[in-house]
Amino acid sequence: MKAQELRDKTPDQLREELANLKKESFNLRFQQATGQMENTSGMKAARRNAARVKTILNEKAAQAAAE
């Protein structure tokens, strides 16, 4: 997921994307705990994508406050 793709989305779409990423992260943690995880790099990617979405949301909020 690229930052430019996220910047094109509305804040509501970003919040929905963040919720989906948090669910994915939870499912990956659950898989790791039960020993079913095959691709361990998925956890890192989910965490980074969630952070990226939060960053874009904060940028949009700061931009709205400045206007």
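**Exercise 1. In this predicted model, find which residue meets Lys9 in a salt bridge, then classify both side chains by accessibility.**

Step 1. The side chain of Lys9 pairs with that of Glu17, at 3.6 Å from N to O.
Step 2. Check the cut-off: a salt bridge needs the nitrogen within 4 Å of a carboxyl oxygen, so the 3.6 Å of Lys9 and Glu17 qualifies.
Step 3. Now look at accessibility. Glu17 has 18% relative accessibility, and buried means under 20%, so Glu17 counts as buried.
Step 4. Lys9, at 27%, is partly exposed.

**Exercise 2. Work out where in the chain the partners Arg7 and Glu59 lie, and how exposed they are.**

Step 1. Start with the contact: Arg7 and Glu59 form a salt bridge of 3.3 Å, N to O.
Step 2. Arg7 sits in helix 1 (residues 3-7) and Glu59 in helix 3 (residues 41-66).

**Exercise 3. Decide which helix holds both Asp12 and Arg15, and whether each is buried, partly exposed or exposed.**

Step 1. Their side chains meet in a salt bridge at 3.0 Å, N to O.
Step 2. Both residues belong to helix 2 (residues 11-34), where they are three residues apart, about one turn of the helix.
Step 3. Asp12 has a relative accessible area of 57%; exposed means over 50%, so Asp12 is exposed.
Step 4. Arg15, at 47%, is partly exposed.

**Final check. How many salt bridges does the rule give?**

The count is three.

Notes. Residues are numbered from 1 along each chain as its sequence is written. This is a predicted model: local features need pLDDT of at least 70, side-chain atom pairs count only at pLDDT 80 or more; totals for chains, interfaces and linings use all residues. Side-chain values use heavy atoms; hydrogens and water are left out. Helices (H or I, at least four residues) and strands (E, at least two) are DSSP runs, numbered from the N terminus. Buried means under 20% relative accessible area, exposed over 50%, partly exposed in between (1.4 Å probe, protein chains only).
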